[in-house]
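Hi everyone, thanks for coming. I'd like to walk you through one chain today, so please have a look at it on the screen.

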Amino acid sequence: MATGGFTRLLSGDVVVALRLSPPSGGGDIRVIVLAANRQRAFTRLRNLGFRGVRLVGNAEPPTADEVRAVLHHPDGLVWRAVAATDGVGWQAFTALR
């Protein structure tokens, strides 16, 4: 089970933020996904190798900066290390592999 949360936008889309451990190992990452609904967001993550992703509750919803980052990214899917400093920007999900 991942910690995180979600926010529904005025357009009806949903931004889901999750703290996950990547399949390749390493430290935890914060993943932000833009999708039509929460289930589609989880399906996108499962298709990328994060099996068994579930979100219970809304403990850590995405911040305004995270929403802005995912809205301006063409894939609608960004990540960065949880321990990253403010100088480290959001990265495309293909950079994780």
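In which sense do strand S3 and strand S4 pair, and over how many bridges? Strand S3, residues 29-35, and strand S4, residues 77-81, pair in the antiparallel sense, and five bridges connect them. One of the residues involved is isoleucine 29, whose bridge partner in S4 is alanine 81. Helix H2, residues 64-71, packs on the sheet and touches S3 and S4 as well as strand S2 (14-20). The direction of H2 makes about 60° with that of S3.

Before I go on, a word on what we are looking at. This is a predicted model, in which local features need pLDDT of at least 70 and side-chain atom pairs count only at pLDDT 80 or more, while totals for chains, interfaces and linings use all residues. Residues are numbered from 1 along each chain as its sequence is written, and side-chain values use heavy atoms, with hydrogens and water left out.

Helices (H or I, at least four residues) and strands (E, at least two) are DSSP runs, numbered from the N terminus. Two strands pair if DSSP finds at least two bridges between them. Contact means heavy atoms within 4.5 Å. For the angle I quoted, axes are lines fitted to C-alpha atoms, for helices over the stretch in contact, and angles run from 0 to 180 degrees between N-to-C directions.

Now the whole fold. The chain has two helices and five strands, and from the N terminus on the elements run β-β-β-α-α-β-β. The five strands make an open sheet in the order S1-S2-S3-S4-S5, with antiparallel pairing. Strand S1 (3-8) and strand S5 (91-92) are at the edges with a single partner strand each, so one side of each has no neighbour in the sheet.

Let's go along the sheet from the S1 side. S1 and S2 run antiparallel and are joined by six bridges; threonine 7, for example, has valine 15 as its bridge partner in S2. These two strands form a hairpin with five residues between them, and glycine 12 in the turn has a positive phi of about 100°. S2 then pairs with S3, again in the antiparallel sense, over seven bridges. Here we meet isoleucine 29 again, as the bridge partner in S3 of leucine 20. S2 is mostly covered, with six of its seven residues buried (under 20% relative accessible area; exposed is over 50%, and partly exposed lies in between, with a 1.4 Å probe and protein chains only).

Is arginine 30 buried or exposed? Arginine 30 is buried, at a relative accessible area of 11%. Its contacts, leaving aside neighbours within four places in sequence, include Gly4, Ala17, Leu18, Pro61, Trp79 and Trp90.

Which side chains does the arginine 30 side chain reach through polar contacts? One is glutamate 60, at 3.2 Å, and another is glutamate 66, at 3.0 Å. By polar contact I mean a pair of N or O atoms within 3.5 Å; within protein, one must be able to donate a hydrogen and the other to accept it, and residues adjacent in sequence count only if both atoms are side-chain atoms.

That leads us to salt bridges, meaning a side-chain nitrogen of Lys or Arg within 4 Å of a carboxyl oxygen of Asp or Glu. The structure holds four of them. Glutamate 60 and arginine 30 form one, with the closest N and O atoms 3.2 Å apart. Glutamate 60 sits in the loop between helix H1 (38-47) and H2, and arginine 30 in strand S3, so this pair ties together parts that are 30 residues apart in sequence. Glutamate 60 itself is partly exposed, at 33% relative accessibility. Arg30, Glu60 and Glu66 are linked in a network of salt bridges.

Elsewhere, aspartate 28 forms a salt bridge with arginine 19, at 3.3 Å between the closest N and O atoms. Both ends are partly exposed: aspartate 28 at 30% and arginine 19 at 35%. In helix H2, arginine 68 and aspartate 65 are three residues apart, about one turn of the helix, and their salt bridge has closest N and O atoms 2.7 Å apart. Arginine 68 is partly exposed at 45%, whereas aspartate 65 is exposed at 51%.

To finish, buried residues make up 34% of the 97 residues in the chain.
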